[in-house]
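Thanks for coming. I'll walk through one chain today. Please bring it up on your screens.

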Amino acid sequence: MPSLSASPALRRFRVLDLSRVRAGPTCVRMLADFGADVIRIEPPPGVDPNEAMFAADRWSGDFQNLNRNKRSLTLNLKKPEGLAVLKRLVADADVVVENWRPDVKARLGVDYEALRALNPRIILASISGFGQSGPYAARPGFDQIVQGMGGLMSVTGLPGQGPVRAGLAVADSSTGLYTAIGILTALLEREVSGQGQWVHASLLHAQVAMMDFQAARYLNDGDIPRQEGNDHPTSSPMGLFQASDGPFNLGASGEGNWKRFCEALGRSDWLADPEYATEKLRVSHRQRLNREIQDVFMTATVAHWVELLNAAGVPAGPVYTVPQMFEDTQIRHLGVARRCDAWQGGQRSMITQPVTLARTPADIARTAPGWGEHTDEVLREAGYGADDIRRLRDAGAI
């Protein structure tokens with residue numbers, strides 16, 4: 001294993017990362033940040049017509065953030081020599097991650113059964129748009145397509161606005177995290193059975209799972225979720241309100257919060273109002289309640305209300321732009337953003353892992369690699385000599 005590792009937590013594992021774009025790299029980033037030896041395997045420049053989407057701009061903040069703590073090996077899997085190298089690497093690896101369309105693995109001869117024959121302990125993690133089988137299995141899957149099919153766009157936005165895309169890649173990112181959990185579970189199970197297994201996840205299934213209480217409401221109660229704008233569909237008062245100098249969020253749901261909220265605002269009359277006696281009634285009379293609350297909030301600033309309500313134990317917070325978000329004192333305290341030295345010189349900013357392990361925390365040991373930066377290094381570790389590497393390069397395999 002290379003000496004440079006982000007954390008001791010997963011240092012004993014080697015991961016071959018064949019994934020592209022966002023879901024796969026998100027999954028693998030988590031393993032890399034916790035110390036796994038991740039080898040990012042990508043075609044040599046000019047081989048993949050879509051390379052500009054995921055590989056060309058190595059200096060971009062997005063690429064750097066997604067692919068830190070990884071090494072890069074170029075490998076042309078369209079060449080038999082390139083496939084042979086991949087299979088040789090599989091023999092000593094723990095995990096392979098890919099997000100090809102389901103039929104590509106079988107066509108290349110690197111599906112789970114083929115990899116298992118090379119290494120019975122291997123874990124193959126496959127990410128797809130719509131699943132490894134079924135009527136949509138061959139479809140290409142992008143985040144926004146799945147946001148639409150997975151119900152998210154139907155509940156995002158203002159009432160009557162029409163479908164609205166969420167402002168971040170919910171399907172991609174959640175699928176990556178679900179897959180990482182699956183890989184870690186498979187690695188734990190392997191300690192008992194000694195056997196690897198096939199782990200697979202789809203953007204579509206992950207997006208539906210992320211619908212969570214909205215989907216469960218429909219399945220069990222027949223309650224069809226709709227666009228509610230900034231109001232919570234089942235809780236009140238909870239949503240976006242205007243202070244004298246701008247908007248802020250309020251979360252006064254639940255009887256305890258409601259009571260503290262009314263007392264903090266000096267509105268005991270709301271506690272006595274029969275139309276506000278229960279959460280369900282407050283949702284039913286939301287428009288009237290919101291108007292009355294809004295009248296109070298317009299008398300002071302966001303800072304005043306956020307301080308007052310939090311002091312009373314009622315959740316409330318400002319609404320930041322992205323630059324404002326990074327200036328927040330708590331976000332700075334948590335170390336959410338970190339500047340790192342880059343291989344090209346200069347520095348890049350990264351978003352750190354949001355989960356903390358007290359004894360073996362995640363870290364950022366290196367920024368994203370240059371294209372094929374570690375090709376010779378990885379091949380030497382696999383037993384290839386200088387002449388072998390030269391022949392592979394002459395054959396267009398690396």
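Contact here means heavy atoms within 4.5 Å. With that in hand, take the contacts in the chain with a separation of 6 or more: residues 24 or more positions apart account for 69% of them. One caution before I go on: this is a predicted model.

Overall layout, then. The chain has 398 residues, and buried residues make up 46% of them. There are 19 helices and 11 strands. The C-alpha trace spans about 85 × 50 × 45 Å along its principal axes.

The largest nonpolar core holds 29 residues. L16, I41 and L86 have the most contacts inside it. Which elements each supply at least two residues of this core? They are strand 2 (37–42), helix 4 (80–90), helix 6 (112–118), helix 18 (375–381) and helix 19 (386–394). Helix 4 gives the most, five residues.

Zoom in on L16. Leaving out residues up to four places away in sequence, L16 touches I39, I41, L86, L89, V90, A93, V95, V96 and V97. Another core lies apart from the largest one. That other core has 27 residues, including L10, A23, M30 and F34.

Next, strand 5, residues 123–128. Is strand 5 enclosed or open to the outside? Six of its six residues are buried, so strand 5 is largely enclosed by the rest of the structure. In a regular strand, side chains alternate between the two faces of the sheet. Here, I123, A125 and I127 point one way from strand 5. L124, S126 and S128 point the other way.

What pairs with strand 5? Strand 4, residues 95–98, pairs with strand 5 in the parallel sense, over four bridges. V95 has I123 as its bridge partner there. Strand 6, residues 198–202, also pairs with strand 5 in the parallel sense, over five bridges. In that pairing, S126 stands opposite H200.

The largest pocket has a volume of about 1100 Å³. Its lining counts 37 residues. Which of them are closest to the centre? R20, D48, N99, W100 and R101. Strand 2, helix 2 (51–54), helix 5 (102–108) and strand 5 each give two or more residues to the lining. Helix 5 contributes the largest share, five residues. By class, the lining has 20 nonpolar, six polar and 11 charged residues.

The second largest pocket comes to about 620 Å³. It is lined by 21 residues. T26, R29, N65, S173 and I351 lie nearest its centre. Helix 1 (23–33), helix 3 (61–67), helix 9 (170–193) and strand 11 (347–351) each give two or more residues to that lining. Helix 3 provides the largest share, four residues. The class count for this second lining is 10 nonpolar, seven polar and four charged residues.

L18, L86, V90, V96, E98, W100, K105, V110, L115 and L124 line it. Helix 4 and strand 4 each give two or more residues to that lining. By class, the cavity lining has eight nonpolar, no polar and two charged residues.

Some of these names have come up before. L86 is one of the residues with the most contacts inside the largest core, and L86 also lines this cavity. W100 is among the residues closest to the centre of the largest pocket, and W100 lines the cavity too. L124 belongs to strand 5, and L124 is on the cavity list as well.

Last, the backbone. Most residues other than glycine have a negative phi, and most peptide bonds are trans.

Start with the peptide bond. S236 and P237 are joined by a cis peptide bond, with omega about 0°. P237 sits in the loop between helix 10 (203–221) and strand 7 (238–243).

Then V21. Its phi is positive, near 70°. V21 lies in the loop between strand 1 (14–17) and helix 1. V21 is partly exposed, with a relative accessible area of 39%.

Finally, N69. It has a positive phi of about 65°. N69 lies in the loop between helix 3 and strand 3 (70–74). Buried or exposed? N69 is buried: its relative accessible area is 5%, and the cut-off for buried is under 20%.

That's the tour. Over to you.

Note on methods
Residues numbered from 1 in each chain as written. Predicted model: local features only at pLDDT ≥ 70, side-chain atom pairs only at ≥ 80, totals over all residues. Heavy atoms only, no water. Core = buried A, V, L, I, M, F, W, Y, C linked by side-chain atoms within 4.5 Å. Buried < 20%, exposed > 50% of the residue type's maximum accessible area, 1.4 Å probe, protein only. 1 Å grid on protein atoms, 1.4 Å probe; cavity = no way out; pocket = protein on both sides within 12 Å on 5 of 7 lines; lining within 4 Å. Points joined across faces, edges and corners; volume = space filled by probe spheres on them. Nonpolar A, V, L, I, M, F, W, Y, C, P; charged D, E, K, R; others polar. Pairing = 2+ DSSP bridges.
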